[in-house]
Each structure stands twice: as C-alpha cells, then as structure tokens.
Amino acid sequence: MLCCCVVVLLCDLFVCFFVCFVREFFQALTMNEYSFINDDKPLLPLYWLAIRLTSVNAYIYEFLDKLFKKIYTKKERMWKMLLKSRKESENLLLYRSLFLRMSLCEKDVSHYQRLEKGYAGELLFDQYVSSLTNEFLLLNDVLLDFGNNLFQMDSLAIFQESVLLFEIKNFEGDFIVRGDRWYTLSDKEIKNPLEQLQRSESLLRRFLQEHGCMLPIEPFLVFVNPEFTLYQAPMKTPIIYPTQIQRLLRTLANKPTKTTHLHEKMANKLLTHHLSTSPIIRKPDYSYEILQKGIYCSHCYTFFKEATETRLVCSCGTIESIDDAIVRSVHEFMLLFPDRLVTTNGIYEWCGGVVKSRRLIRRVLLQNFKRYGNKRSTYFSGS
Ligand SMILES: [Zn+2]
C-alpha cells in the first residue's frame, strides 16, 4: 500500500514537472520567435497531451510553475541586453570639478561646456533608444585601441544582420558645409564630424575582421538638438537630423532581430578590449592649494553648507547619504591628484569641514577602499 502511494506521488510529481517544463519551454521559444515554432508548431500535440494527462497537485504545480517561470524569464531577458551603460568620462569629471572649484580660462570653460553638452546629447539619444523593445545588444561609450589608433564610439547596436555605429552630436545653431569642411555661420571652421565617423567605422571594421566578425557596419551621424540646422549638406550622407530621429527609430524597430551566442561573443570581444580609462590629452593648470574644498551637490553643483551624521541635504531637494558623498569626494580627489595619498586627514580637509567627524571619514574609507601602511601612516587606494 505504502509503495503504491509513493509510486503515485512520484508519478504525479513527474507529470507536474513535465507539464511545467513543456509549457515554459514552449512559451520561452515563442517569445524568442524561433521560426520552427512559428512555422509548424511541432511541440503543440505533446503539450496538449501533457495537459490532458495531468492530475495536478495544485501546490506542487504552482511551485514548479514559478520555478520554471523564473528560469525562463532570466533566459528571455538575456536577449535584450544593455551590455555597457554610459557614464561621464574622466575628462568630463575632471573639467567639471575644476570648473566648480577654480576659475578656468575662457578656452577651458568652453571646452568644459562642450563636454557637458555632448554628454547631455548622448543621454538624450539613450532615451530615444530605450523606447525600442526589440532584441539587440547595445554597448554605449566604447573606447578601443586598434593598431595604436584610439577611437571612441558613442553607441553600438548589434543586430542580427549588421552592427550599427552611432556618432551623436548635440550641436546647436546654424552650420554650413563647404566641400569637406564644416563651418559655423560666423565662418569658424569646426572638426568635420563625418570624417570622425568614417575613421571610427574604418577602425571598427578592421577590429571586427581581425576577430572573425564579418557583419556589415551601418554608420549614423545623429544630431539630437532640435535647434540644429545644416546648410548645403551633401545628400548621400549617413546624417540623421533631429526631425528624422523618429523615422530612424521606426526603422530600427523593424530590423530583423535574432541575436545568437555569436553576436554575444562579438559584444564580449568589444567589451574586453574596451579601455576603461581614456587618456586626458590636455589638462588645465591647477594645484591642490588653489582649489575650493568641499562637497558639491551632484545635481545642481552648489557646495553643501553642512551635513548631518547620515546625510547631506541640498536646497535643490537632492538628498545624498554621507557615505556616498564621501566616496564620491574621494574618487574626485583621486582623479585630480593621482599622485597624492588618500588619508583620513587629507579627505577631511578636502571635504572642507562639511563632514565634522574624522572618525566617520575613516569608517567610510575603511569600508570602501583598500587600506595600506601601518597605524601611523595609513593610506587608502581604490584597488
Ligand atoms: Zn543641489
């Protein structure tokens, strides 16, 4: 009798397991639009049979149902992946910090403003792309070195049949093209962005070929600012004007998307060769002594006046935990002064007295950075 019960229970379990598996497997495949499922549905009779045969124990069924859902949802998510998100470049962070802490010359200020504007344009483009729901691999802000040629790509979208390379520009105002040269309306020549795109495209193609990828590259020069106008532009260029962005998105939404592990492999190749720190070509002159000390709000960039034991509150409404603010300040200090040691006293001074307790700074340093040296001369490092 007992044996019979055990056998029945085991059979029941097996059927539940089988039904859940077939169902979730079937759904996962359908979601991914595998053609053999869409064309003739060979698994359907099997699925129907499994449903009919089952005498379901509700609890077990529910448990297994959840389990398989979890497994397959994870798998499904893998297909729509943002493999590399965008963050501010070290160059931008350095100029921003110096802009807020000292007075820069006019040339450096306009360079800084260009960096901020460029980054804002890239974020705007990211917003457009995030509205797409189809499957492709997306890598933002990739910096590669191919044969001693550094090249940076604002966005790369890997689709089933091609790699899309986006150079994003947040130009504002009127520009004019004469031959191969670009000018502002006041006749000041600017760097030709099409040449920049062609260079990146050529280097990327060579990089991909060297790593065994023969997918064609589709380059786009995207102007995101609605205030941008270009006169005398040649017709056959990969330029996307602000008024054409929606059309571009519709085209992307209709692209064939069935990325495989080969596409993922290629994306991983790009990621492993990405240089995380870009060389900062020109730095303004600055020294520790002339910089304003303190912690500024990460939203409106005004300096905090005071802090509580746990947080900093800005008049703009931004609230930041004291730990996060100290960690942010330490990273800023390291970026500006890579040769200086990070010590508790040093960071206390760098925070400009906003954080009243040295002990608090020491705790945050101990928790977030690697400690070196002995008790008398302790210093910290990010790695
Ligand atoms: Zn603020």
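## Overview

The model is a predicted one. Its protein chain holds 12 helices and 14 strands. Of the 383 residues in the chain, 20% are buried.

## Confidence

The protein chain has a mean pLDDT of 84, and 79% of its residues reach 70 or more. In residues 28-43 the pLDDT is below 50, and this stretch makes 12 contacts in the model beyond near neighbours in sequence. Residues 74-80 also have a pLDDT below 50, with 8 contacts beyond near neighbours in sequence. Where pLDDT is low, predicted coordinates should not be read in detail.

## Strand pairing around E8

Strand E8 covers residues 217-223 and pairs with strand E4, residues 163-169, in the parallel sense over 7 bridges. Within this pairing, Glu167 has Leu221 of E8 as its bridge partner.

E8 also pairs with strand E10, residues 239-240, again in the parallel sense, over 2 bridges. Here the bridge partner of Leu221 is Ile239 in E10.

## Helix H7

Helix H7 runs over residues 193-210, which makes 18 residues. From the first C-alpha to the last it reaches 26 Å, close to the 26 Å expected at 1.5 Å a residue. Its buried residues are Leu197, Ser200 and Leu204. Seen down the helix axis, the buried residues of H7 fall within an arc of 65 degrees, so they line one face of the helix. An α-helix has 3.6 residues a turn, so residues three or four places apart point the same way.

The cover over the buried residues of H7 includes E3, E4 and E8. On the face turned away from the buried side, H7 carries the exposed residues Glu195, Gln209 and Glu210. Gly212 follows H7 and has a positive phi, near 75 degrees.

## Nonpolar cores

The largest nonpolar core contains 25 residues. Those with the most contacts inside this core are Leu139, Leu156, Ile158, Leu165 and Val222. Two or more residues each come from E2, E3, E4, E8, E10 and helix H9 (261-273). Leaving out residues up to four places away in sequence, Val222 touches Phe125, Phe166, Ile168, Lys169, Ile240 and Ile245.

Another core, of 21 residues, lies apart from the largest one. Ile295, Val342, Val355 and Phe380 are among its residues. In soluble globular proteins, nonpolar side chains tend to be buried together.

Most residues other than glycine have a negative phi. Asn148 is not a glycine, yet has a positive phi of about 65 degrees. Asn148 sits in the loop between strand E2 (137-146) and strand E3 (149-158). With 5 other C-beta atoms within 10 Å, Asn148 is exposed, since a residue counts as exposed at 12 or fewer.

Gln232 is likewise not a glycine and has a positive phi, of about 55 degrees. The loop that holds Gln232 runs between strand E9 (228-231) and E10. Gln232 has 10 other C-beta atoms within 10 Å and is therefore exposed.

How values were computed:
Residues are numbered from 1 along each chain as its sequence is written. This is a predicted model: local features need pLDDT of at least 70, side-chain atom pairs count only at pLDDT 80 or more; totals for chains, interfaces and linings use all residues. Two strands pair if DSSP finds at least two bridges between them. Helices (H or I, at least four residues) and strands (E, at least two) are DSSP runs, numbered from the N terminus. pLDDT is the predictor's confidence in each residue, from 0 to 100. Two residues are in contact if their C-beta atoms, placed from the backbone, lie within 7 Å. The expected span of a helix is 1.5 Å times one less than its number of residues. The arc is that of the directions from the helix axis to the C-beta atoms. A nonpolar core is a set of buried Ala, Val, Leu, Ile, Met, Phe, Trp, Tyr and Cys residues joined through C-beta atoms within 7 Å.
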